[in-house]
Amino acid sequence: MKSILRRLLLLFLVVSPVLVGYAAAGGGDGRRHVSGVQPLSKIAIHRASLALDEAAYVRASPELLGLQGEDIEWIKVELRSPNPTPDDWIGVFSPAKFNASSCPAESGNKKEEDPLICSAPIKYQFANYSNPSYMKTGKGSLRFRLINQRADFSFALFTGGLTNPKLVAVSNAISFANPKAPVYPRLAHGKSWNEMTVTWTSGYDINEALPFVEWGPKGAPLMRSPAGTLTFNRRSMCGAPAHTVGWRDPGFIHTSFLKDLWPNAEYTYKLGHQLFNGSYVWSKSYSFQASPYPGQNSVQQVIIFGDMGKAERDGSNEYSNYQPGSLNTTDTIVKDLDNIDIVFHIGDIVYANGYISQWDQFTSQVEPIASRVPYMIASGNHERDWPGTGSFYDTDDSGGECGVLAETMFFVPAENRAKFWYSTDYGMFRFCIADTEHDWREGSEQYEFIEHCLASVDRQKQPWLIFAAHRVLGYSSGSFYAAEGSFEEPMGRESLQKLWQKYKVDIAFYGHVHNYERTCPIYQNQCVNEEKSYYSGTVNGTIHVVVGGGGSHLSDFATIVPKWSLYRDYDYGFVKMTAFNHSSLLFEYKRSSDGKVYDFFAISRDYKDVLTCVHDSCSPKTLAS
């Protein structure tokens, strides 16, 4: 295997000379990034006024969607305005009836005159998008890609731009044939290696239908496992806009636990709801491969990235300015899905920032991935942080969600999902996932968990020990960390580096900084291994990797390149790790734009190398014989 890995590395060097030069040049860190703002937050919907014009119209077709069970459809919107302006826009509202007789006090809309719009649209496009002659003719057509979101839709023409919207015309309503249908399954590991959880969304409460999963080994008789049901309401939110204009009913989130799986076996499944009249509602069929037994010797392939967010394939919401790399990351991973076993998205999942509808959009976007392989998430600032709610940071980054959406929409095998730290095993890997939005310092509850996770793994069976968290608790030369002089999250590594060293963590991953960076094996700010691409025997320290370029606007690097920084890339991408066996691991960083490898290294070692004492890693010895 060592010779195979050497040949692989030589092949990379021969076919990708740009890769070597790019690493030496620091990965293009001189570029500037364009910061992003949640597009829906630009709409001052509470200021909306009436400017209805009988000569204007908005028409949507077709009126009935999903006749063959589809949960995604493209529709056409035709519009006319007798007084067109460059700032005219079409808002997509769901439910279709958005002009209420009164708004709940929590919505923040205290107007007494029409229109009373209590919630923001779920997406929007400017009227002149794809209509270059709109200003001359006042006519145009737009295409929207709609997903099934448990309610009907209407389309409203506004003038006055996003900051002073005036309602000109409203379309007919359109709907999916079954708005309540079960959609967007998300797989995740359960609390044992041979358990898979399936989480999905529907419009059926438990007083309407019984949720379950019908599943079994491929080609064998199927069985049924019941599902639990969760939801939340506006009062579950901690602040605006989540409990004001960003609120939208989330429907019902169901989770079923598929247990006693055979290692690596192929299973098929579909989501079901048994209505109380005896009829059934089904999803389409899906499949997954069960996880290997912990320590099993087989090829195992892992994807890791952070900060992806979502984007609109129809061009809505100006998402090219907010999450420009999101779709590329999603699509590139989907293309290689036959060679992927598990995915880790380590924080800043959706960037909904309190606009609840965007979580449905995200689960639809990642469905091709999450319905086939475990999609494991970590908590980031845009999921959890809100002042006065117990998060470690007193910021408003979650838009009032305060962790509720992340904890409900996705399953993680944590003892308490409000404390988003957990461990999970995949074959020869042990993953220790930290929650940087809660205290991790020595003496904290999370610190005890981290040490137990690292200490309890049997490295003879699971040699590849991985630590992951959202904020950079290790090393980053991102510009804002460099400006603080620490090259880390404040107080980040001070408590943890002795644990990484003591338990010989192989790689630590982070998001939060929207770029890619890899360090040398490092301990206490010093490189402890001079190799860069091929590590054999005892590595001596932990390699730290920032992989926050999943899709959100990119982050600048500092102009200074620290000695410990081996490779930096100002681009969108993700990491793939391949464990060939207990002794050989290949690490690859791929750009989302083309899926090609731009950074890599390999580790080749034996169990005795893991046992070897390095600085601060071994307990004191006795002189007794």
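How many nonpolar, polar and charged residues does the lining of the second largest cavity have by class? The views below lead to the answer.

**View 1. Cavities in the whole predicted model.** A search of the whole structure finds five cavities of 30 Å³ or more, a cavity being a set of points, on a 1 Å grid over the protein atoms alone, where a 1.4 Å probe fits but cannot get out, with lining residues having an atom within 4 Å of a point. Grid points are joined across faces, edges and corners, and a volume is the space filled by probe spheres set on the points. This is a predicted model, in which local features need pLDDT of at least 70, side-chain atom pairs count only at pLDDT 80 or more, and totals for chains, interfaces and linings use all residues. Residues are numbered from 1 along each chain as its sequence is written, and side-chain values use heavy atoms, with hydrogens and water left out.

**View 2. The largest cavity.** Its volume is about 150 Å³, and among the 16 residues that line the largest cavity, Lys504, Val539, Asn540, Gly541 and Arg605 lie nearest its centre. At least two lining residues come from each of α11 (497–502) and α12 (607–611), helices being DSSP runs of H or I with at least four residues, and strands runs of E with at least two, numbered from the N terminus.

**View 3. The second largest cavity.** The second largest cavity, with a volume of about 90 Å³, has a lining that includes Lys123, Arg145, Lys310, Glu312 and Gln365. Two or more lining residues come from each of β7 (139–147) and α5 (357–365), and α5 gives the most, with three residues. By class, this lining has three nonpolar, three polar and five charged residues, where Ala, Val, Leu, Ile, Met, Phe, Trp, Tyr, Cys and Pro count as nonpolar, Asp, Glu, Lys and Arg as charged, and the others, Gly among them, as polar.

Terms used: 1 Å grid on protein atoms, 1.4 Å probe; cavity = no way out; pocket = protein on both sides within 12 Å on 5 of 7 lines; lining within 4 Å.
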